[in-house]
Structure formats: structure tokens, C-alpha cells
Amino acid sequence: MTDTTISPRGGVPERPSLDGLEETWARRWQEDGTYAFDRTKERSDVYAIDTPPPTVSGELHMGHVFSYTHTDTVARFQRMRGRTVFYPMGWDDNGLPTERRVQNVYGVRPDPSLPYDKDWRPPAAPVDDAARKNPTAISRRNFIELCELLTVEDEKAFEALWRRLGLSVDWSLTYTTIGSAARAASQRAFLRNLARGEAYQAEAPTLWDVGYGTAVAQAELEDRERPGAYHRLRFTGPDGREVLIDTTRPELLPACVALVCHPDDERYADLVGAAARTPVFGVEVPVRAHPLADPAKGTGIAMVCTFGDLTDVTWWRELRLDTRVVIGRDGRLLREPPAGVPAEPYAALAGQTVNGARRTLVELLADAGDLVGEPRPITHPVKFYERGDRPLEIVSTRQWYLRNGGRDAGLREELLARGRELRWVPEHMRHRYEHWVGGLTGDWLVSRQRFFGVPVPVWYRLDDAGEPDWSHPLTPDEAMLPIDPTSEPPPGYEESQRGEPGGFTGDPDVLDTWATSSLTPQIVGGWETDPDLFARVFPMDLRPQGHDIIRTWLFATVARSHLEHGALPWHTAVLSGWILDPDRKKMSKSKGNVVTPMALLERNGSDAVRYWAANGKPGMDLAFDPAQVKVGRRLATKLLNASRFALGLGAADALRAAATQPLDTAMLAELSGVVATATTAFDGYDHTAALMATEAFFWRFCDDYIELVKERAYGTGPAADSARAALATALSVQLRLFAPVLPFVTEEVWSWWRYGSVHRSPWPTTYEVGRAMEAPGDPELLRLAADALGQVRRAKSERKLSMKADVPLAEALGPAAVLDQLGTVADDLRAAGRIAKLDLLPDRTTELVIACAF
């Protein structure tokens, strides 16, 4: 790698400015292929990044800017270390968030029963609330086309923001999770899971989001505190005994299939094995014992309904109870009562929403005298789909599952071992992974009852009565992928046989978006389609991501890679924290505390925003601080101006010369330590420590070294040559140290006096800095000279004199050894402080004191 290719030197402008740098350099980098991946390199020379594909369902936010900046610093550092960086960008455009956005923007809803209308056109502008509440029904295919149309526009806006931010991705590698390559990879992996017995279909109780109309997986759940009420119901036990039950969901009374108490609860021991009758409906249900029943909760005995919560599912499965389903997929009570439930009292509930049925049933209980006391208000955790706005229900559905260790102790241990094999940054994040894997209670539900996603690639034979043969799905050859079984027939069948007895039907579901996103290394790496590329990038080096999706994206990717390749998908995972508002609350649209990135970038400059982001360490939350952005702006401006000043002294022509004077070698010796510190920090994925060390030195370089040396650098002769040589080396090294964080200003300054791109230049080394010194330097000497100059400046300030005021006499007092050191830089100190006469008076004080006479 060299810095002598691509663009020529541009010369120092008369009035350098930060304004417009983003447009100029983003265009130049694209034209010059500065960040293009070189696929001719061996795997040992490649650094591959599995970049998170942001969800294309709205605007990017400061959290994206925060975490993606971190990844970009890694990419830039590794590129300067001589690696060819595989750094793609993807768009996660399939799934529920995109569908919801399309429905809200255009006021439509998909209806698979409608035929495709090639002449249908969406509204020209976003619709109002009335249209959203009464959406227009369109065919599945029309809806998918609308999703594709909107995501393309969103992706353009996202790319514009990323280019403005200066991400050094290779845009020729861009992919989408709904694109042909991604669909084929996702379906191929699913079919192989199916062939190995890792994917299976089952009819089972399923967590169901009524708003989205689909099943959701365990990893997508979150508890939200919601108000509720305990209702005390009177059941009737043997011999008319009163059995009181506390429940927050009285509307599920017609779904009651048992009462459950703890095996050691003496209050109900005589009831176990007997039966009780439900109020209102008079249905006889068994009383059973189970250790999950909590004697201290409510009355100590609970009703089991199919299904109110996940504990109901456990009791139903382990106690082998009957099934009485009353809630349908639309979130309303079914029109017909379940078997064994009398139709007359149920009729009052049929077709009602859950809340409506609850109110009705409470009235029926009160009228029957079976509601004991008044409902008692409570606040309790309720399960929601993480993107949903209505509580989840549990309905019985047929779904596809993927084995993930939730019901297989051997596989669970293998996946835990993979987690221990992975390098975690920070290390403590591994415990979140282990906690999640260890707490899995079931396999991964991967099918969704939606539309804009990767189709489940199977069909089913229909028997003579037109019923599907679920146990023997028909599968395509991998060469046919990607396919859509709802519009393409299986091998050996004609489209005319669809839905006919003896014919076939396609699986109507799509795969969970994570089932595709969990294959991003395979999708971008050309798995099975580009073996040469795949061998050069897989397993990848880095997975950067948020800590909140360890349970979804990280774990799912590890599981898929383990099952398919028997290996980790990458060597290192770097986890980013959250962005907080100035009050240290997590930013979210619902709280109204979100900052729009593009406006911030345009107002302050991208380098300033990247500086703020780089001040957040991996795994740590960072508060958004406009003042910190302004500090970044000042830093970039100072780098521009200090570089112009140094180059104006003739530093550009002294780059290959050696520094000979003590102050110059002292500065370079300190810089050598900064190079070592920054390199170690970047190697450890600690961009913050690298930036802090570089920035601290830079301000000392500007405020102390340049001030001390500029008079000498203006002159001629060996001493002046030494100053210019030191300035040239220091400027070259510092530009490269800042380059991963401040790509625009460093590239601009580099173009004034160097060839090529700073981002393709070698990362600085201590050897390089040492080679620029004729003899080893002492960093303490620069600090000593800076201390002395600082005292002279304070003396002038206290007397309200200009810094250019002359000092007729200055006396330096201190230990002899200190003054001996000071004597080696006395000429620079006199020139910088405008001191006419400097006397060195040893051993008068225990520390350095500069006394000025005016």
C-alpha cells in the first residue's frame, strides 16, 4: 500500500473551510474507487465486516449514526493497516415494519383473495388518518409492489445519509434482504435445515399479534407494564363447596379447562383429582396439581385457559388438558363456542373484542352472583410483540419452527460453546448471550402470516378431498431458487392443479425477517453462488451490532452458521450501546426526543458529528450532547488551520528530512508514544481511547510546540530545517491518526501536499516516527518547555499585556538538572516568549519557576 497514487496534490488554499468537504470528497472517493474491495487478495489480507442492514421502514436516527461511525473507524483503520476491507452495506427491507409503513403511508391493506390489478396506482401523496382507519383492500401482488416502491425511495435517502456521514463502504456490494440473492440464500438455508431435520412444522399454541395478524417468536417479545384488574370468580366444587379464583382475564372463562393448585398446598389437597364447575357456563373442569402454581398468588388456585399466557400453555401440555379455543386470529371471540360450552351464555360474547367480552362477562358474573367483591386495580407486565401496539394473544396455529437448542440440551450446549469461542467487545456482553440461550423455552418460530417477505419454499399435495398433506411437503431443487409457491407450481404439476383435489397448494406464509437477516454473511459473501469470494471473506472478521439484538440477530446468525457450516460466522462481535437524550433517557420517536441526523450533519459538518459518536466506547450508552458536537467542529477547524500554518512554513518540502534539534525530537518522541497508544487501542476496538490520545497530543502540538518553534521555522539553516522536518512528520502522522474519525478534513489537508488518499496511506508506526529523528528525543523536554512558556504567558496576562509584548528579563529558577534541560531549548523559549534576556538560576527553588520583569 502506498500514498503515491490516485489524486495529485492540490496546494494549500488561501482560505480553507470545512464547508462543502462532504460533497467534494464523497464524490471523489466514489470516482476513484477509494474504498473498493480487492477480491484478488488472499484471505489473510482481507478484513471482512458483516455490516448491520438497517431496517428500511422510516428515518435513520442518531443511534444509527453512533454505531455505524464506530464500525467505520474500524474499517478505515484496518484499510490503513494494509488489509483490503470487505465492507458492504445492506438494507433490511422485508418484514412487518415495512408492511406497516406502507399501510400507514398509503392507507391500504393486503387481501390475498383479490386478483392482481395491473392498472392500480397508489395515492400520489401520503394519506390522512381517515384513510388509514379505513384502508383500501388490494391484492397481495399489488401490495408487494407497493412495498418495493416505497423501500427503493427509502434506501436512496438512507444511502445519501451514509455518504454524507462518510462511511467507507464499497457501494458496489450493496444488497437487500428482499433481493433475489437474499431470497435464494434464505430459501436454500431453510431447505437444508428441513432436509437435516432442523426445520419442522407443528400445530401448537402460538404467540399472536392481532394488529399485524401474524405469529411472533420468543425473541421478539417484550413486557410492558399495563393497568389491569383482579376479578374474583366463584367456582363450585364437590358438594357445593365454594372455590374462589383470582384472574385478570375473566373473558377467557369459556376457555377454562382446569383448575390448578400447588401439590403442597393443603387448602386444596382434597380437591385434587375432583372437579369443579365454572360460573355462568356450568362446565365441569378437573382440579389438578402442578409445581408452577403459586400458593401466595391470589387465592392460591388458578384457572387454566387455552390460552391466556405461556404458563397456561405449560400446564396444558404437561397435564394433558383439553383444548377450548375462544379467541381467533382477529383478536375477537370466535362466533361458535368451543365443544362442551353451552351456546346460550356464550352468544353474548361471540364476535366481541377481548375488552368488550371482558366487560360483558363481568356483567354476567355479577348478575349470577359469582363475582365476589369489586375488581381490584393492578399494574402488571403484559407481553407485546416488540413492534406491536396491542397485547399478544395465544392461538393455536400451524407454524414452521427451526431448532435452536430450546428443546435440545445437546444443541444448546453447542451454541453456548460457540458463544465462548467468539471474541466479545466488551467481554461482559457474552453473559447476555449465555443468559438468552440458557433461558430458551422452545424452538425458533420462523414462519409469518404476512406478505412482504421471503416465501416459505414448499408446497403440499392435496388428497382427493382437497385436504393438504402437511407431513410430506413438496420442495424445489436449489437451482430453481428463489421461488414463490403461491404463484409457481411445484415440479411435476401444472398451475391449473392449484387448489384442486389431487393437485397442490403452496405454503402461504413467509419467513421471519430474522430468518433472512441471520444469513447476512452468506448473502453478501456469495455462499454457493461465488465460491471464490466466499472463501476470501467467510468466516468474517467482525460483526458490529446493538447489544439489544444479541438475542435475535447475533444468536440467530450464530445458530444458522453452526448448523450449516459447523463454525462461527465471524471471529469478533463489537456491541454498541444506546443513544440517550441530554437527560440520559433513551431516544425514541414515542418520547419525542429524537434528533434528526441529516440536519445535524448539514449544520455542524460530518466530522463534528463523527467526533461526538467516537467518544462513545463499545457497549456503553452515550448521551447526545450538542456541546460535544461543537467541540468536534472546533477540532476539525483547528486541524485545518494548524495544517495550513505548518505547511506555510515550508513543512511540505521537508518531509523526508530528519529532525536534529532537542525540542523537535522531544515532540516526535511524544508523538511516537501516541502512535503506540492509538494503535493498541484500535487493535482492541477501542476507538475512543485512540481518539483521546491523538486529540490530547494535537492540542499540545498546536498550543505548545508550534508556538515554541514557529520563529525558528521561519528562519534558515540547520535549526530551521529541523523544525520544518519535525512539523512535516508530525502533520503527516497526525492526519493519519485522525483519519478514521475525521475522514473529510484529514483528506482535505492531505490533498494539499501529499499524493493519493490519506485513507489508502499506511497507518503510522513508531518506527516511522523514530526514523524522522537524528537522535532519540525526550518527551519530558517538550512538557518542560511548555510549562516555562505557559508561565511567561500567565505573567503577561496578569499584567493585561499582549502576548506579543516583550519581556526585558526573565529568570528561570529550579533544580540544576531541570535548568540544564531547559537550557537545551532556551533559544526556542526566548523566541516564543519574546524574552530579551533569560537567566538560569539553579537550585533556588524545588520546581521550575519563571519570573518575568517588565
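**The second largest pocket**

Author: The second largest pocket holds about 1,500 Å³ of space. A pocket here is an open set of points on a 1 Å grid over the protein atoms alone, where a 1.4 Å probe fits, with protein on both sides within 12 Å along at least five of seven lines. Its volume is the space filled by probe spheres set on the points, which are joined across faces, edges and corners.

The model is predicted: local features need pLDDT of at least 70, side-chain atom pairs count only at pLDDT 80 or more, and totals for chains, interfaces and linings use all residues. Residues are numbered from 1 along each chain as its sequence is written, and side-chain values use heavy atoms, without hydrogens and water.

Strand S9 (221-236) gives the largest share, seven residues. Other elements supply at least two residues each, among them strands S10 (242-247) and S14 (301-305). Helices H7 (310-318) and H9 (354-368) do too, as do strands S15 (376-385) and S16 (393-402). Helices (H or I, at least four residues) and strands (E, at least two) are DSSP runs, numbered from the N terminus.

By class, the lining has 22 nonpolar, 13 polar and twelve charged residues. Nonpolar covers Ala, Val, Leu, Ile, Met, Phe, Trp, Tyr, Cys and Pro; charged covers Asp, Glu, Lys and Arg; the others, Gly among them, are polar.

Note on methods:
1 Å grid on protein atoms, 1.4 Å probe; cavity = no way out; pocket = protein on both sides within 12 Å on 5 of 7 lines; lining within 4 Å.
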